[in-house]
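Hello,

Here is the structure I said I would pass on. My notes on it follow below the view.

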Amino acid sequence: IDKEVLISALENALVKAAHNKYGHGLEIEAHYNEELGEIELFQFKMVTEQVENITREISVAEARKIDPEAQPGDEIGVKMDTAQFGRIAAQTAKQVIMQNQVAERENVYSDYKDKKSELVTGFVHRFEKGNIVVMLGKHEALLPVQEQIPGELFSLRDRIKGYVLDVKKNAKGPQILISRTHPGLLIKLFELE
């Protein structure tokens with residue numbers, strides 16, 4: 001999972017957990033602090049002379065402890081304690097990440113279903129029981145043993161062209177199957193030349 005996607009999911013999860021605990025009317029934001037390596041949660045409150053609603057307002061004296069230049073009418077972010085959201089936020093983050101993965105899989109499928117019978121270029125990523133896993137940008141494709149040219153050898157990171165045979169949906173996500181023996185590969189190579 002991409003680091004930015006994970007951080008975004010955790011930020012969203014903490015905001016969601018805070019809204020569930022304290023109410024959806026509050027103005028809450030989460031930001032990843034690179035130096036501390038943690039996600040900080042802030043509730044924004046209005047600085048006022050006289051506090052009437054403690055959940056939405058903060059006194060000038062309290063606000064100046066956070067920001068010495070705070071004035072009435074300013075909005076100030078009050079850091080919240082994230083420790084209390086432990087398990088709930090973790091479960092919410094898991095759900096958000098799973099939803100992102102499902103969306104990512106759908107994107108891969110929709111991107112490559114239209115590339116069936118086309119030529120693609122990638123790099124040899126790894127070998128699995130004779131099959132070759134090829135990286136096409138950020139996505140993996142499978143070059144099965146029966147679709148390889150006998151005697152043709154590849155090393156890791158070798159550039160490789162293949163013909164997209166099929167794009168299948170399965171439990172682990174979409175699987176892109178490519179071939180080096182299909183007659184369509186030769187046709188596409190001649191078209192390129």
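The largest nonpolar core has 15 residues, and Val 134, Leu 136, Ile 176 and Ile 178 have the most contacts inside it. A nonpolar core here is a set of buried Ala, Val, Leu, Ile, Met, Phe, Trp, Tyr and Cys residues joined through side-chain atoms within 4.5 Å. At least two residues of this core come from each of H3, strand E5 (119-128), strand E6 (131-136), strand E7 (139-143), strand E8 (159-170) and strand E9 (173-179). Helices (H or I, at least four residues) and strands (E, at least two) are DSSP runs, numbered from the N terminus. A second, separate core of 12 residues includes Leu 14, Ala 18, Leu 26 and Met 80. In soluble globular proteins, nonpolar side chains tend to be buried together.

This is a predicted model: local features need pLDDT of at least 70, side-chain atom pairs count only at pLDDT 80 or more, and totals for chains, interfaces and linings use all residues. Residues are numbered from 1 along each chain as its sequence is written, and side-chain values use heavy atoms, with hydrogens and water left out.

Ile 176 is in contact (heavy atoms within 4.5 Å) with Val 108, Tyr 112, Leu 136, His 139, Glu 140, Ala 141, Leu 142, Val 164, Asp 166 and Val 167, leaving aside its neighbours within four places in sequence.

Next, the helices. Helix H1 (residues 3-22) packs against helix H3 (residues 86-113) at an angle of about 135 degrees, and their axes are 8 Å apart. The axes are lines fitted to C-alpha atoms, for helices over the stretch in contact, and angles run from 0 to 180 degrees between N-to-C directions. H1 and H3 are therefore oblique to each other (under 35 degrees is roughly parallel, over 145 roughly antiparallel, 65 to 115 roughly perpendicular, and the rest oblique).

Gln 43, in strand E2 (residues 38-48), counts as buried at 10% relative accessibility. Buried means under 20% relative accessible area, exposed over 50%, and partly exposed in between (1.4 Å probe, protein chains only). Ile 76, in strand E4 (residues 75-80), is buried too, at 7%. Among the contacts of Ile 76, beyond four places in sequence, are Gln 43, Phe 44, Ile 58 and Ala 70. Gln 43 in turn touches residues including Leu 26, Thr 55 and Met 80. The C-alpha atoms of Ile 76 and Met 46, 30 residues apart along the chain, are separated by 6.4 Å.

Last, the loops. Most residues other than glycine have a negative phi. Ser 117, which is not a glycine, has a positive phi of about 70 degrees; this residue is in the loop between H3 and E5 and is partly exposed at 35%. Lys 129, also not a glycine, has a positive phi of about 50 degrees. Lys 129 lies in the loop between E5 and E6 and counts as exposed at 85% relative accessibility.

Regards
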